[in-house]
Amino acid sequence: MWFWNTEVGWAIVHPILEEYGWHYVSCNIWNKGIQHIAGNCNLPILKNFPIVTEVCAQYVRRAEFPVNGKVLSLKQWLRYEWERTGLPLYKANEACGVANAATRKYLTKDHVWYAPPPDVFKQLVAYANEHGDANGKPFFSLDGQKPTTQAQYANLFARFEGQYGITNVWEHPPLHNGERVKIPGSSKYAHLNQKPLKLIKLIIEVSSAPGDVIWEPFGGLCTAGLAAYMSDRVAHCAEINPNIFTLAVNRLQDYDDQAKLQPKLLENNVALGEL
Ligand SMILES: C[S@@+](CC[C@H](N)C(=O)[O-])C[C@H]1O[C@@H](n2cnc3c(N)ncnc32)[C@H](O)[C@@H]1O
């Protein structure tokens, strides 16, 4: 999940997200640069440095494992399942083919814990189901019927494929002409908070695959919906304001019409700023 807001809005929502199972990963800064305030900054009365940024906080959904009316974390579940096998802890090292990483890292209760990689998890599961207590099988099962596969386990982790040269500070000028949507027949901007397509495309592409569903619950002009569509994802958006909703629908429709007319031009990301 990518949570765009002011820093105060984010500060308010952060504990609620954590409480409801979202794990904080990082804070990214959109730096709009000096252009954001050029000619529009009343420095003599301002009591802070002019703000030219917005934040976009990254969260991932924590995997949850319901067991006997409780919800266990992945760390707790791995250890719980191993203990259910009745096998001594040190046998997990043998299962994973390592000297002591299994007991020291994957099954430990302390803070140095980290999740076994999918191929190691597969070995752990196979060993547990072969040598564990016959009455407790299947071990490491998500459905109670069969053990979790390597692919199912890998799916528990949020996708992220970073790109060299891209850090958590995103330099991008404020949106003015070109990409900025205006009210039809007027020179006024349609929405105060339209986000840059380039940044939205970036976060969608690093954290999802073609064909994935992208959900934009606070759509505005549905920049994420448009970026998702451009990147071959499946877009779902919501917007509560009917006027803004209509503008967003028109925006998506315009893109579709232009893409049909000039597919080559629109395939090229450089052209996106001209939409
Ligand atoms: C910050 S804007 C989103 C801007 C968008 N990312 C863009 O680039 O155009 C947030 C939008 O959420 C809408 N909104 C607020 N509450 C909503 C709700 N409960 N359901 C759907 N949309 C809502 C507002 O009308 C506003 O247009």
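This report describes the overall form of one protein chain and then some of its local features. The structure is a predicted model.

**The chain as a whole**

The domain assignment divides the chain into domain 1 (1-62 + 158-173), domain 2 (65-154) and domain 3 (175-275). Taken over C-alpha atoms, the centres of domain 1 and domain 2 are separated by 37 Å. In secondary structure, the chain contains 10 helices and eight strands.

The C-alpha atoms occupy a box of roughly 75 × 50 × 35 Å along the principal axes. The radius of gyration of the chain is 24 Å, whereas a compact globule of 275 residues would have a value near 19 Å. Of the 275 residues, 21% count as buried. Among the contacts in the chain with a separation of 6 or more, 57% are accounted for by residues 24 or more positions apart.

A pair of residues illustrates distance within the chain. Ile12 and Glu130 stand 118 residues apart in sequence, and their C-alpha atoms are 49 Å apart in space. Ile12 belongs to helix 1 (residues 7-19). Ile12 is exposed, because 11 other C-beta atoms lie within 10 Å and the limit for an exposed residue is 12 or fewer.

How many of the eight residues of helix 8 are buried? Helix 8 (residues 223-230) is mostly covered, with seven of its eight residues buried. These buried residues are Thr223, Ala224, Gly225, Leu226, Ala227, Ala228 and Met230.

Helix 8 packs with helix 7 (residues 197-207) at an angle of about 60 degrees, and the two axes are 9 Å apart. Helix 7 and helix 8 are therefore oblique to each other. Their crossing is right-handed. On the side of helix 7, the contact is made by Leu197, Ile200, Lys201 and Ile204. Helix 8 contributes Thr223, Ala224, Leu226, Ala227, Ala228 and Met230 to the contact. An α-helix has 3.6 residues a turn, so residues three or four places apart point the same way.

**Backbone features in the loops**

Most residues other than glycine have a negative phi, and most peptide bonds are trans.

Lys137 and Pro138 are joined by a cis peptide bond, with omega about 0 degrees. Pro138 is placed in the loop between helix 5 (118-131) and helix 6 (150-154). Phe140 also lies in the loop between helix 5 and helix 6.

Phe140 and Asp232 are residues other than glycine with a positive phi. The table sets out their values.

| Residue | Phi | C-beta neighbours inside 10 Å |
|---|---|---|
| Phe140 | near 55 degrees | 24 |
| Asp232 | near 65 degrees | 11 |

Is Phe140 buried or exposed? Phe140 counts as buried, because it has 24 C-beta neighbours inside 10 Å and 20 or more are required. Asp232, by contrast, counts as exposed, with 11 such neighbours. Asp232 follows helix 8 and lies in the loop between helix 8 and strand 8 (234-237).

How values were computed:
Residues numbered from 1 in each chain as written. Predicted model: local features only at pLDDT ≥ 70, side-chain atom pairs only at ≥ 80, totals over all residues. Domains from an automatic or database assignment. Helix = DSSP H or I, 4+ residues; strand = E, 2+ residues; numbered from the N terminus. Rg over C-alpha atoms; globule rule 2.2 N^0.38 Å. Contact = placed C-beta atoms within 7 Å. Axes fitted to C-alpha atoms, helices over the stretch in contact; angles between N-to-C directions. Parallel < 35°, antiparallel > 145°, perpendicular 65-115°, else oblique. Left-handed = near helix turned anticlockwise from the far one by under 90°.
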